[in-house]
Amino acid sequence: MVSLNKIIQAKITTGHFINKTPLAFSQRLSDMSGAKIYLKEENLQRTGAYKIRGAYNKIANLTPEQSKNGVVAASAGNHAQGVAISAREFGVKATIVMPESTPLLKVSGTKDLGAEVILKGNNFDEAYEFATEYAKDHNMCFVHPFDDEFVQAGQGTVALEMLDEISDFDIVVVPVGGGGLVSGVGSCVKQVNPNIKVVAVGAKGAPAMFNSYNAKKSINSKSIRTIADGIAVRDASEITLANILECVDEFIQVDDEEIATAILFLVEKQKIVVEGAGAAGVAALMHNKIKHKKDAKIGIVLSGGNIDVQMLSIIIEKGLIKSSRKMIIRVTLIDKPGALLSLTDSLKRANANIVKIDYDRFSTELDYGDANITITLETKGKEHQEQVANSLKESGFEFKQIF
């Protein structure tokens, strides 16, 4: 467990530099769950994630020799930016090793903060292995993203801010990858109010810490695959596992579909942009994985908001199709003047808005003189889609609904 005194000292050290992020009540999530839901919006933190807290606290406590030689970090993005901006503040050289699959937003964001970036490895753990050797070879200080007492204490300041506003939470929900955030938050919560239940949420596609928690020993994953890149950690840390076993009351998992649903919900209903890791706690709540009493006070940490815009676009597109607000159909017509007009008139009667049309008369599957029309429509739900289908049938069109 991280000492409460160290967490308080971290708050003093970092207080002038980091943002005190909002702890916002969510009426929509409260109505959905029957509890009182508060969102700790670390997506609004400087650099867009909580990681700056631990990084700044670590670099503030470097020895003069360590500061002179510079620092190295391995990160999928958020820790990288936290280290970069903190190092710049203290005039310390920073080199960041990032996985080759890291979103461009996080790579460019790290470079913009003055750090040198090296892309190496397929995931965090491969980048980490390279970074530790690089630090040794260049006599630089390695700033670990979670296995460090100063880093963990810095992350614990998230809980201090939450408890300053609401001291009687029933449950605090924290996303978990390597375990630095939950080590700090869980330690703080249990020392301030042991009655608060700490729930950890991991990604199903990165199960190392979840499996380790249940086995009570470190178990690494053979591979990882999740849209929550901020918690996509392959190897479980024995240091943070010890903290988790001491501080966490329950550990649950969410899959990518559940995470994507939560991201879309937060964008559309809460007007909040979060990344996959940041949405993990809300995903668990929305899919009824957090056991709670009626009107329980639940605090959920939205750990970061640095989502790649291409990933966000895919999530929105899939979400629209899943919620029956987008419909894609394929109709085979006789390729003659007026045929397309007849089709669009049928869609107009169903009050469906056309957003895209593809016209294909060259497919080898077609009979001579026919054309395939693929149409993307905006619809208002399942019932509206049924109206569209009925209108097409009444007009004599044979069609296939693709989505």
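Tutor: Helices (H or I, at least four residues) and strands (E, at least two) are DSSP runs, numbered from the N terminus. This is a predicted model, in which local features need pLDDT of at least 70 and side-chain atom pairs count only at pLDDT 80 or more, while totals for chains, interfaces and linings use all residues. Residues are numbered from 1 along each chain as its sequence is written, and side-chain values use heavy atoms, with hydrogens and water left out.

Student: Okay! In what order do the strands of the open sheet come?

Tutor: Reading across, you get β5-β4-β3-β6, 4 strands with parallel pairing. Two strands pair if DSSP finds at least two bridges between them.

Student: Which strands stand at the edges, and why is one side of each left without a neighbour?

Tutor: Those are β5 (116–119) and β6 (141–142). Each has a single partner strand, so one side of each has no neighbour in the sheet.

Student: How many bridges join β3 and β4?

Tutor: There are 4 bridges, in the parallel sense, between β3 (residues 71–74) and β4 (residues 94–98). For one example, find A74: its bridge partner in β4 is V97.

Student: And which helix lies across those strands?

Tutor: Helix α7 (residues 124–137) lies across β3, β4, β5 and β6, where contact means heavy atoms within 4.5 Å. α7 runs at about 165 degrees to β3; axes are fitted to C-alpha atoms, for helices over the stretch in contact, with angles from 0 to 180 degrees between N-to-C directions.

Student: New topic: how much space lies in the largest pocket?

Tutor: About 450 Å³. On a 1 Å grid over the protein atoms alone, a cavity is a set of points where a 1.4 Å probe fits but cannot get out, and a pocket is an open set with protein on both sides within 12 Å along at least five of seven lines; lining residues have an atom within 4 Å of a point. Grid points are joined across faces, edges and corners, and a volume is the space filled by probe spheres on them.

Student: Who lines that largest pocket?

Tutor: There are 21 lining residues, with S101, P103, T226, I227 and D229 nearest the centre. Helix α14 (residues 309–322) gives the most, 3 residues.

Student: What about the second largest pocket?

Tutor: That one holds about 380 Å³ and has 17 lining residues; E257, A260, T261, I315 and G319 lie nearest its centre. Both α12 (256–270) and α14 supply at least two residues each, and the largest share, 8 residues, comes from α12.

Student: How many cavities of 30 Å³ or more are there?

Tutor: The structure holds 2. The elements giving two or more of the lining residues are α5 (78–90) and α9 (180–192), with the largest share, 3 residues, from α9.

Student: And the second largest cavity, what is its volume?

Tutor: About 50 Å³. Of its 13 lining residues, V176, G202, A206, M209 and F210 are the closest to its centre. Two or more residues come from each of β8 (197–203), α10 (208–215) and β9 (250–254), and α10 gives the most, with 3.
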